[in-house]
Amino acid sequence: PANLPPNQTITLSEVARDFSGSSAVATATTVTTGPSGITGFVFDDVTGYVLAEASALLNGQNSVLTEVGGRYSFISPTNAGFVRISKDGYTSVERSYNAEAGLGIEVFDSRLTPLDSKTNQMDSSGGGTASSGNARLSVQFGNGSFAPATDVRLTEVSPQGLANLLPYGWSPVPGAVIDVRPAQPSIVTPFPTPANLTINQVGNVSSSIYLTLARYDEAQHKWIVVAKDIVVENGVLRGSLPVAGQYAFLVADTGATAPPSPAVGEPLPSSASAKRRTGPHTTST
């Protein structure tokens with residue numbers, strides 16, 4: 001029944017009969033879920049101020065704009081799901097939630113990063129070289145990577161502006177998170193040949209530390225391992241990018257909170273022993 005309250009158990013029975021008069025019964029139980037209250041805040045990661053009129057999309061279906069105070073709110077028919085935050089001229093962020101039926105939850109703050117101001121027009125073959133405004137980031141794209149004349153932006157993202165939270169046991173290398181995508185939203189398909197990324201002036205990372213390169217997969221809502229055992233060479237990081245999107249060079253925890261060894265092509269593994277603060281989260285500006 002549509003008016004059944006949350007957390008109620010329903011028993012379902014199915015009876016099968018044949019022409020001989022024989023019968024069999026199968027039963028199953030399920031628990032009613034929603035609704036749940038979902039709310040969160042959105043900030044500009046460069047200024048630290050709240051970001052109004054950003055779009056918050058709940059589970060790919062319901063969309064609202066953030067208020068003047070940067071807040072969005074939903075009534076979710078399910079206890080778990082994803083909220084995708086976006087705004088023209090900014091990177092996008094996703095947040096997952098898991099709320100008890102009939103109750104509310106405030107998800108972790110979202111911080112959107114303004115796209116880099118430097119335009120990079122792909123040539124007539126759909127390839128070419130793109131760089132960031134500060135010249136730290138550069139990517140060489142092969143032919144057919146984009147439609148001809150596409151404006152591609154390379155945006156440096158802070159550790160707070162990641163596309164989604166990392167699994168327990170991982171930390172991003174400052175200055176080594178990069179968002180690679182067209183300035184105008186478009187359908188993303190794998191590159192015909194991997195693009196070659198170079199990040200210069202990477203400091204405070206010893207050449208003896210092995211890094212993992214991960215990509216945020218917006219379809220799976222997970223960080224996927226692209227490469228591992230990468231080292232900084234004379235302040236420079238390099239990697240191969242299979243598709244447009246957000247990438248992060250990561251360092252794994254050691255000791256009790258160390259995550260399992262990552263596998264290329266698989267989701268970034270989580271440390272079972274690491275603990276993250278739960279409950280409402282707010283950010284001061």
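Histidine 221 lies in the loop that links strand E16 (211-217) to strand E17 (222-230), strands (E, at least two residues) being DSSP runs numbered from the N terminus. Although histidine 221 is not a glycine, its phi is positive, at about 60°. The residue is partly exposed, with a relative accessible area of 27%; buried denotes under 20% relative accessible area, exposed over 50%, and partly exposed the range in between (1.4 Å probe, protein chains only).

The model is predicted, so that local features require a pLDDT of at least 70 and side-chain atom pairs count only at pLDDT 80 or more, whereas totals for chains, interfaces and linings use all residues. Residues are numbered from 1 along each chain as its sequence is written, and side-chain values use heavy atoms, with hydrogens and water left out.

A positive phi is also found at alanine 149, about 70°, although this residue is not a glycine. Alanine 149 is placed in the loop between strand E12 (137-141) and strand E13 (152-156). Its relative accessible area is 44%, and alanine 149 is thus partly exposed.

An open sheet is formed by 4 strands in the order E5-E4-E7-E8, with antiparallel pairing; two strands pair if DSSP finds at least two bridges between them. Strand E5 (62-65) and strand E8 (93-98) each have a single partner strand and stand at the edges, so one side of each lacks a neighbour in the sheet. Within this sheet, strand E4 (residues 55-58) and strand E7 (residues 80-86) run antiparallel and are joined by 4 bridges. Leucine 58 stands opposite valine 83 in E7.
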